[in-house]
Amino acid sequence: MVRFSFPAALLLSLLFFAAGFVFIRQVGVQQDEVLFTTAVVPPFEYHYAIELRGRPFTAMIMPYLGTLKAHLLNKIFAVWPADVFAIRIPMMALSAVTLLLYWAIFRRALGHLVALLVVGLLAVDPLYVLTSTLDWGPVVLQRFLFAAGLSALVVYHRRQSWWLLALAGFVFGLGVWDKATFFWLLGAYSFAAFLVYPELVVVPFTFRRLGILVLAGALGGAPFVYYNFHRPAETLAWTPKSEALPYSQRAVIMKRTLDGSALFDYLTRQDAAPAPPERTRIEAAGVGLSGLTGHLQYHLLLPALFAAVALAVWRRRTVYARAIVFAAIALLSGWLVMFAFSMGGQGSHHMVLLWPLPHLMVACALGELAQRRRWIALTAATVIGGSEALVTNEYYAQIVRNGPQDYWTTAAEPLRAYLAEAAPNGIYPLEWGIMGPLRALGRGTLPIGFTPEWLDAGSEFRPQDRAALEHLLTVVNPYFVRYVDRTGRSNAAVERLVTRSAELGFREHPLATISDRHGRPMYLVTQFRPNR
């Protein structure tokens, strides 16, 4: 086991990478997935910048979301032009490295078997695969930085070298700058460690060590600290306009995240495609396996989780049972602290920040079982992991058959190509989800403009707005882009534009309909021309 432990972990991380890779071309770029580009690709749309040597350094995209990913990916885009591969492969690679960091952490703490089980269960988990490949949370850097910081703390515990403690604090600071939700992880793990492992938290505590952690963390998160110093507590004061979901619905989201079904309907379409493309061998194999296994949409991690809790209660004095209690407290407290925020816990991209805690609980239960019946434990691990892999395949099969949902449409790249060839004087996306992909895939070369505020239903249409619209239609003469399917969408901006343009003697003239790779019309490109 010891000799083959790392090669096995490496093989599992490569398996994960392969599982994510098959989704890259199947799913189009989504608005939140490329939100980071607002800080580095025009048209710029960020919240806060710091002046450094006379030049602005973009620091915050939103009051709680920093620009760490933006600056990292921008370096990659300098040598690798932005496309779905340049956007997604770096995040997948970081997630694969994160798996190896988890292996290193749990190998030291709980042994090779548990470490491999955690990595194996994560590598085929559909939520880990999909959130790592698409990263609309964003969550990849959050998980990587936390695993890296935790690794530094584990090594520090053995070597007692101050620079390792400083490294952990610096990495944690980077995580906070990346997204303030990193505090959820720090709080949940610290609280659980304080209760279950006081000898690792309370006994070695000194103000000197705390000072090193805090100072190094402030250095790593310097842009975030600077921003909150100049705009005190703005991060905490920021509240989304949308109403918070009831706690009962958040519990349903947590349950669906744990059983693997959370992204069906959100990511995958259920209606049949008008013209499915010819399938490759891999696509045909995925669809065939889906049919043979009954289109499985729920895996066995959730029932295994309850079994792990029962085992911890029964065998509460063992090392594995103690680790299960730690993971359970961290998982529950991390989830509950989300409730303090209006949008906390309202999506699976929040829940997966707490991964691999559920997998750790199951792995520890299997490790306990393996001490008495190793073959039963390995069989159970294979069945649980196999069910996860089948659900991951079901996501793939549904996307191959029907395509992804509108906001993940593969029509984004054909739309970019059409607009690049047409070369209009301006491009105005009229609905959410259109500008982001055009900005990212267009690499900042498309003349994209922000939709005027007076197109909002609640805005007053003033004389100067009327003059601005007339100038827009007669001088700029831009292209407007909206979705073809109006079902379930707010038509306010489109209807307001049509109405106001008609008052000036202009009518909408369709130019092109852009379809996805399944033949489904997705985008409508129009102009407004004078009535004749």
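Predicted model: local features only at pLDDT ≥ 70, side-chain atom pairs only at ≥ 80, totals over all residues.
Local features need pLDDT of at least 70 and side-chain atom pairs count only at pLDDT 80 or more, while totals for chains, interfaces and linings use all residues. Residues are numbered from 1 along each chain as its sequence is written, and side-chain values use heavy atoms, with hydrogens and water left out.

To begin with the helices, α3 (residues 84-110) and α5 (residues 126-134) have axes that come within 7 Å and cross at roughly 140°. Axes here are lines fitted to C-alpha atoms, for helices over the stretch in contact, and angles run from 0 to 180 degrees between N-to-C directions. Helices are DSSP runs of H or I, at least four residues long, numbered from the N terminus. Contact means heavy atoms within 4.5 Å; among the residues making it are Arg 88 and Met 91 of α3, along with Tyr 128 and Leu 134 of α5.

Next comes Ala 115, which is found in helix α4 (residues 112-123). With 0% relative accessibility, Ala 115 counts as buried, a label for residues under 20% relative accessible area (1.4 Å probe, protein chains only). Beyond its neighbours within four places in sequence, Ala 115 is in contact with Trp 103, Phe 106 and Arg 107. Leu 473 lies 358 residues from Ala 115 in sequence and 62 Å from it in space, C-alpha to C-alpha.

Finally, the second largest pocket is lined by 48 residues, including Leu 150 and Ala 193. A pocket is an open set of points on a 1 Å grid over the protein atoms alone, where a 1.4 Å probe fits, with protein on both sides within 12 Å along at least five of seven lines; lining residues have an atom within 4 Å of a point. Helix α6 (residues 140-159) gives the most to this lining, with seven residues.

Terms used: Helix = DSSP H or I, 4+ residues; strand = E, 2+ residues; numbered from the N terminus. Buried < 20%, exposed > 50% of the residue type's maximum accessible area, 1.4 Å probe, protein only.
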